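Please look over the sequence and the three-dimensional structure below before you read on. The briefing that follows takes up sheets, aromatic rings and nonpolar cores in turn.

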Amino acid sequence: MQQAIVQLQNVTKQFSQNVAPAVDNVSLTLQQGDILGLLGPSGCGKTTLLRMIAGFENVQSGKIEIGGKIVCEGSLSVPAEQRDIGIVFQDYALFPHLNVAENVAFGLRNSTKEQIEQRIGEVIELVNLQGLEKRYPYELSGGQQQRVALARALARQPQLMLLDEPLSNLDIQVRLRLREEIRDILKAAGTSAIFVTHDQEEALAISDIVGVMKQGHLEQLGTPEEIYTQPASRFVAEFVTQANFLPARRQGNIWETEVGNFELPVKYTNDTGEIMIRQEGLRLQATTDSPVFIHSRRFLGREYLYCLKTASGKEIHARTIADMPLPIGARVQVSVPGNTVKVFPQ
């Protein structure tokens with residue numbers, strides 16, 4: 001049975017009485033070996049929450065446990081260096097005058113020379129930087145520098161890793177490759193981790209558990225699949241899935257919209273609402289009598305992104321595989337599988 005590595009209970013942080021709390025009554029549990037992604041827009045409180053777990057910010061109220069030990073509650077606040085955590089920042093924070101091996105060894109001062117050399121070799125291999133031990137940070141690419149920062153944090157074998165926007169300074173292709181590597185590295189090391197990101201795909205790709213934050217609140221906590229397919233609020237649906245929303249009115253089990261009617265198996269008590277339709281859930285078929293037409297089309301490699309306009313002038317977006325492109329201006333009939341649709345109150 002998994003054990004909890006991190007537990008937060010009603011954690012709150014307010015920087016000023018004149019502003020809303022940066023973190024507002026957040027509770028969550030992270031199991032040993034899991035990776036938690038804190039996802040949300042700028043200013044939602046995710047970095048403040050990470051800093052409180054790290055010990056860089058004091059908790060105004062609530063309790064934080066790491067590895068079964070209380071590190072913050074009331075007047076008790078265990079210093080960051082005593083929390084047995086590793087931290088990776090977005091700016092790498094490497095020592096420019098130290099080579100790769102020396103950077104990795106920086107936190108291993110209480111070990112023997114043989115132990116240090118062995119551990120350097122282990123983590124260098126773990127992050128796939130063999131042969132670069134003598135290079136200095138300026139001789140490395142951005143992705144390599146971030147792997148050095150990860151190796152340095154892992155070298156002390158912390159029970160918890162904290163990563164603050166670790167990929168935000170990298171080019172898109174490097175980010176795509178490195179996000180897979182980071183997950184593999186953390187899993188190979190058996191290290192639990194919490195990382196902060198505003199990138200939806202990044203959070204879904206790396207995490208075992210995703211926590212979506214909004215204005216200091218934890219809107220939803222769940223697996224990537226749960227967050228994507230069963231969003232708990234309109235905010236989560238819009239931020240994570242970039243879904244379309246259409247005004248709708250219910251007649252029995254039928255929900256009527258300007259692009260069509262949908263029979264939903266779930267019983268809703270409200271008579272009006274907004275139907276959520278994910279971009280990839282829309283099916284398009286060319287026709288001559290539909291009020292919906294293709295306003296623009298973008299080729300994205302594996303797929304096309306269509307911007308559709310309805311009779312009322314509302315824009316909705318659809319993603320389809322890149323096989324038979326539909327021309328701009330074409331009238332299209334829109335259909336959606338019923339099990340991919342969700343209704344939110346207006």
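Contact here means heavy atoms within 4.5 Å, while axes are lines fitted to C-alpha atoms, for helices over the stretch in contact, and angles run from 0 to 180 degrees between N-to-C directions. Helices (H or I, at least four residues) and strands (E, at least two) are DSSP runs, numbered from the N terminus. With these terms in hand, one can say that helix H8 lies across strands E12, E15 and E21, and that H8 runs at about 140° to E12.

This is a predicted model, in which local features need pLDDT of at least 70 and side-chain atom pairs count only at pLDDT 80 or more, whereas totals for chains, interfaces and linings use all residues. Residues are numbered from 1 along each chain as its sequence is written, and side-chain values use heavy atoms, with hydrogens and water left out.

- Two strands are said to pair if DSSP finds at least two bridges between them, and an open sheet of five strands is formed with antiparallel pairing in the order E14-E13-E12-E15-E21.
- Strand E14 (260–263) and strand E21 (342–344) stand at the edges with a single partner strand each, so one side of each is left without a neighbour in the sheet.
- From one strand to the next, the twist averages 40°.
- Within this sheet, strand E12 (residues 244–251) and strand E15 (residues 272–277) pair in the antiparallel sense over six bridges, and Arg249 has Thr272 in E15 as its bridge partner.
- The loop between E14 and E15 contains Thr269, which is exposed with a relative accessible area of 78% (exposed means over 50%, buried under 20% and partly exposed in between, with a 1.4 Å probe and protein chains only).

**The hairpin of E18 and E19**

- Strand E18 (residues 303–309) is joined to E19 by seven bridges, and the two run antiparallel.
- E18 and E19 form a hairpin with five residues between them, and Gly313 in the turn has a positive phi of about 95°.
- In a regular strand the side chains alternate between the two faces of the sheet.
- In strand E19 (residues 315–321), the covered face holds Ile316, Ala318 and Thr320, while Glu315, His317, Arg319 and Ile321 are on the uncovered one.
- Ile316 in E19 stands opposite Leu308.

**Aromatic rings**

- Rings of Phe, Tyr and Trp (its six-membered ring) pair if their centres lie within 6.5 Å, and planes under 30 degrees apart count as stacked, over 60 as edge-to-face and the rest as tilted.
- By this rule there are six aromatic pairs, one of which is the stacked pair of Phe235 and Phe239, at 5.7 Å centre to centre with 10° between the planes.
- Phe235 and Phe239 are separated by about one helical turn, because they are four residues apart in helix H8 (residues 234–241).
- Phe235 is buried at a relative accessible area of 18%, and Phe239 also counts as buried, at 16%.
- The rings of Tyr304 and Tyr306 have centres 6.1 Å apart and planes at 40°, so this pair is tilted.

**Nonpolar cores**

- A nonpolar core is a set of buried Ala, Val, Leu, Ile, Met, Phe, Trp, Tyr and Cys residues joined through side-chain atoms within 4.5 Å.
- The largest nonpolar core has 36 residues, and those with the most contacts inside it are Val104, Leu150, Met161, Leu163 and Leu186.
- Helix H4 (142–155) is among the elements that give two or more residues to this core, and the largest share, seven residues, comes from H4.
- A second, separate core of 28 residues includes Ile5, Val23, Cys44 and Val71.
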